[in-house]
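Please look through the model below before reading on.

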Amino acid sequence: MERIIEHVAALWRNYTGTEAAEITKLPQSGSDRLYFRIRAGSAVGNGNAVNNGSSPGNGITATQPAIVTDPGPAYNGISSCKHSCIATYNNNLRENQTFLSFTESLRSAGCPVANVVALNDAGDTYLQEDFGDTSLLNLLEQQGYSAEVYALFQESLSKLAHLQVRGGAQINYDMCLTAHEFGKQAILSDLLYFKYYFLDTLKFPYDKQALLNDFEALSTYLTHTENKHFMFRDFQSRNIMVTDDGQVHFIDYQGGMRGALQYDVASLLWQARAELPEDWKNSLLEYYIGEVSQHLPHPLDPALFTAQYNGYVLIRLLQVLGAYGFRGFFQRKAQFLSSIPLALKNLAAFTDSRRMGIAVPEFDKCLQYCTSEEVMAKFEPLRADESTPLVVRIHSFSYKKGIPPDPTENGGGFVFDCRGILNPGRIAEYKTQTGRDKAVRDYLEQRTVMPDYLNSVFDLVDITVTDYIKRGFESLQVNFGCTGGQHRSVYAAEALARHLKNKFGVRIELRHLMQEEKNWINTG
């Protein structure tokens, strides 16, 4: 991580002529890409870039750190990246080339995508303009189903229509990461993704050949569509950023390809976390059909478009479940498993009310099982209530003082050793701070393996907490130790307390033992 941050700092230095005042790692989503926000110091350089005659999308080579000249003012007047920007590190160079190529094409068509201003010689790090932290999903969660949020969904769909048709006309589809087109094979791939990584984990007995036949029939049906343009592929409200001036901007479209218009609309309107009301889904779909028809030689047939749209809704819902299954069951990322109940609820809402215009009986049987109460219960986390006797006592401690005893009848619990994680206490500026302070938290989250360590801790502790709630146990103790009991163990104890409270609603008693012994050096 240190090496990556150094590369990010060097790229900023070459672009602006100044040192970065702050480089902050942003939360990572489902991909392996790393994102950082860079903030400028008080003095900003002239930003004169090294012009090597290249543009963002054509593979830069240079003997010195390569800097792309700023391609001009950003969309809708957003300032170019002199005061802050987003740095992306991605060692998948092919994916970077695709993103840069698509960005150049979409910007040339006036689409609201990021202004990429710099790329290093290795091709693994680039700078793009900063749209801030507010996504359409954030606003939906903050404001609910307000008129303002509805208008932003309309604006997003209007700009999506322009991006798909006008922007898509500029795209070089030879740059697509996988298939050039979301055709029959790509649809089959998404269906099999769902089958292998979610359906098969349920151990449900189905007729395999009959299901494959249904997959074949459905993919053939959905492939026969008249309008194929650029397909964003992951068009959902968390990938729509809203700036302070109320403008929407799109991110994360490197997985795009040519495909049916319906897919992206389905992705947005049926996003599980958004939980849009049925009347919003219907009226926004009608609005989109009117908007995209303005970009096409002939207006869409609403009935035909909607029939196939329902099929793409299903494909998208299943692709998401497959992704959650892969990330959760196989990559052991707990946050994806926790998203499955909402995704199943979304799928149940679809199967109860929508028809695709094609008979797929074996597939229907599998979907009915997936949305059954039996399956739902497997993924709904057990929640404590007022009658639950369990109290989880979480401690941070110093190994110099010994492992804390457990005075309860239970006689002990988990003890996790945090000493294998880099110690921020060895850095002068952190010596008077603790694992509660932002600078130390940032260090542990961004520059150590603490996030991976805690994922494993959560997996283990969750099993026991679930069992103890079911069996009516009264006490569980969890201890985190490090050398001084001030940084790593404190951070881990705080993190587990939040996790258990959010997931199980269980009562927590959190103690930092070295603080109680007045051995913390922290002065404030």
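Buried means under 20% relative accessible area, exposed means over 50%, and partly exposed lies in between, with a 1.4 Å probe and protein chains only. By that scale Phe473, at 26% relative accessibility, counts as partly exposed. The model is a predicted one, in which local features need pLDDT of at least 70 and side-chain atom pairs count only at pLDDT 80 or more, while totals for chains, interfaces and linings use all residues. Residues are numbered from 1 along each chain as its sequence is written, and side-chain values use heavy atoms, with hydrogens and water left out.

Phe473 also takes part in a ring pair. Rings of Phe, Tyr and Trp (for Trp, its six-membered ring) pair if their centres lie within 6.5 Å; planes under 30 degrees apart count as stacked, over 60 as edge-to-face and the rest as tilted. The rings of Phe473 and Tyr468 have centres 4.6 Å apart and planes at 50°, so this pair is tilted. Tyr468, at 15% relative accessibility, counts as buried. A search of the whole structure finds 29 aromatic pairs. In one of these, the ring centres of Tyr193 and Tyr197 are 5.2 Å apart and the planes stand at 75°, so the pair is edge-to-face. Both tyrosines lie in helix 5 (residues 184–197), 4 residues apart, which is about one turn of the helix. Helices (H or I, at least four residues) and strands (E, at least two) are DSSP runs, numbered from the N terminus. Tyr193 is partly exposed, with a relative accessible area of 23%, and Tyr197 is partly exposed at 25%. Elsewhere, ring pairs link Phe99, Tyr126, Phe232, Phe235, Phe250 and Tyr253 into a cluster.

Two strands pair if DSSP finds at least two bridges between them. Strand 4 (residues 116–119) is joined to strand 5 by 3 bridges, and the two run antiparallel. They form a hairpin with 5 residues between them, and Gly123 in the turn has a positive phi of about 80°. Strand 5 (residues 125–129) also pairs with strand 3 (residues 84–89), in the antiparallel sense and over 5 bridges. In this pairing Ala87 stands opposite Leu127 in strand 5. How many of the residues of strand 5 are buried? The count is 5 of 5, and the strand is mostly covered.

In it, 4 strands form an open sheet in the order 11-12-10-13, with parallel pairing. Strand 11 (414–417) and strand 13 (507–512) are the edge strands, each pairing on one side only. From one strand to the next the twist averages 15°; axes are lines fitted to C-alpha atoms, for helices over the stretch in contact, and angles run from 0 to 180 degrees between N-to-C directions. Strand 10 (residues 391–398) and strand 12 (residues 475–482) run parallel and are joined by 8 bridges. Ser398 stands opposite Cys482 in strand 12.

Helix 15 (residues 450–471) lies across strand 10, strand 11 and strand 12, and runs at about 180° to strand 11. Helix 16 packs on the sheet and touches strand 10, strand 12 and strand 13, its direction making about 170° with that of strand 10. The expected span of a helix is 1.5 Å times one less than its number of residues. For the 17 residues of helix 16 (residues 488–504) this should be 24 Å, and the end C-alpha atoms are 24 Å apart, which agrees. Just after helix 16, Gly505 takes a positive phi of about 65°.

The loop between strand 10 and strand 11 holds Pro405. This proline counts as exposed, at 67% relative accessibility. Pro405 and Asn479 are 74 residues apart in sequence and 9.7 Å apart in space, C-alpha to C-alpha.

Last come the cysteines. A disulfide is a pair of cysteine sulfur atoms within 2.5 Å, and the structure holds 0 disulfides. The cysteine sulfur closest to that of Cys111 is in Cys176, 15 Å away, too far for a bond. Cys111 counts as buried at 1% relative accessibility, and Cys176 counts as buried at 2%.

Methods:
Contact = heavy atoms within 4.5 Å.
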